[in-house]
Amino acid sequence: MKLQLGQTDIFFPVPAALIVGSFENKVDVATIAWVGMVSSTPPTIGISFDKSRYSLSLIRQSGYFTVNIPSADYYKETDYCGIVSGRNTDKASVAGFSYYHGTRTKTPIIKECPFNLECKVTKEIELGSYIMLLGEIVETYIDEDKTIVQNGRAKIDIEKVNPLVYCATVREYWKLDKKVGTAFNAGKDIVQNELGERNGQ
Ligand SMILES: Cc1cc2nc3c(=O)[nH]c(=O)nc-3n(C[C@H](O)[C@H](O)[C@H](O)COP(=O)(O)O)c2cc1C
């Protein structure tokens, strides 16, 4: 039995990303859940802001933003950045976040967030009361201590990153539990079974 909930914006899981925008000497951070990767070549991320957001106004002036993924330990600070506007408050300093300059843009990343992206706005799309920005990812950062070396290469250790997970409109923060499988591989068992059945085995 399925319950119909009507036209909603309930969606999960999504990130509770901290988006930083800056212009001249002004800098702001806002919590944004409407974030998603929309292309791999070129790597492009889409983020949607209500038109009233102060962070959006800074991003539109500079043409750059950074995406910062907090660990689940920072759910209170992340929530704070989503319930207060930065128009008259330095949210990062109140929340205990420090800014760190990346190499590709003038917009800072957040040091306390283990994973960060520097992005250049490539397109803006108006969607009712929202503005969706598409940003090409120009650099990616991961805290070194959140990686493990595998076959001589640094691999991101998701358990150490412990990313904060948000369930939108249900309004709950969660954390990840355990790895259950390897992508582009786990489905191969089903492919093999299906091939076997087709061949009458
Ligand atoms: C978990 C969470 C997710 C949010 N997601 C969005 C979002 O996707 N888009 C948006 O415009 N506002 C979103 N908000 C609200 C903004 O973060 C909030 O209005 C913030 O105060 C804006 O700050 P600013 O005016 O400094 O930009 C979210 C808030 C929370 C707590």
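**Notes on the sheets, the core and the ligand shell**

1. Strand β1 and strand β13 (residues 164-168) run antiparallel and are joined by three bridges. Strands here are DSSP runs of E with at least two residues, helices are runs of H or I with at least four residues, and both are numbered from the N terminus. Two strands count as paired if DSSP finds at least two bridges between them. Pro15 has Val165 in β13 as its bridge partner.

2. This is a predicted model, in which local features need pLDDT of at least 70 and side-chain atom pairs count only at pLDDT 80 or more, while totals for chains, interfaces and linings use all residues. Residue numbers start from 1 along each chain as its sequence is written.

3. β1 and β13 belong to an open sheet of three strands, ordered β1-β13-β14 with antiparallel pairing. Its edge strands are β1 (11-15) and β14 (172-175), each of which pairs on one side only. From one strand to the next the twist averages 35 degrees; axes are lines fitted to C-alpha atoms, for helices over the stretch in contact, and angles run from 0 to 180 degrees between N-to-C directions. Pro13 is placed in β1, and the peptide bond from Phe12 to Pro13 is cis, with omega near -10 degrees. Arg171, in the loop between β13 and β14, has a positive phi near 60 degrees without being a glycine.

4. A second open sheet has seven strands in the order β3-β2-β6-β9-β10-β5-β4, with antiparallel pairing. β3 and β4 (35-40) are at its edges with a single partner strand each, so one side of each has no neighbour in the sheet. Within this sheet, seven bridges join strand β5 (residues 43-50) to strand β10 (residues 130-142); Ser48 has Met132 in β10 as its bridge partner. The loop between β4 and β5 holds Pro42, and the peptide bond from Thr41 to Pro42 is cis, with omega near 0 degrees.

5. β2 (residues 17-23) is joined to β3 by seven bridges, and the two run antiparallel. They form a hairpin with two residues between them, and Glu24 in the turn has a positive phi of about 50 degrees. Phe23 stands opposite Lys26 in β3.

6. Is β3 enclosed or open? Six of the seven residues of β3 (residues 26-32) are buried, so the strand is largely enclosed by the rest of the structure. Buried means 20 or more other C-beta atoms within 10 Å of the residue's own, exposed means 12 or fewer, and partly exposed is in between, with C-beta atoms placed from the backbone. By contrast, zero of the 11 residues of helix α5 (residues 188-198) are buried, so that helix lies largely in the open.

7. The largest nonpolar core has 34 residues, and Val29 and Ile110 are among those with the most contacts inside it. Such a core is a set of buried Ala, Val, Leu, Ile, Met, Phe, Trp, Tyr and Cys residues joined through C-beta atoms within 7 Å.

8. Around the ligand stand 20 residues, the closest being Trp34, Ser55, Gly82, Ser85 and Gly86; the cut-off is a C-beta atom, placed from the backbone, within 6 Å. β3, β5 and α1 are the elements that give two or more residues to this shell. The largest share, four residues, comes from β3.
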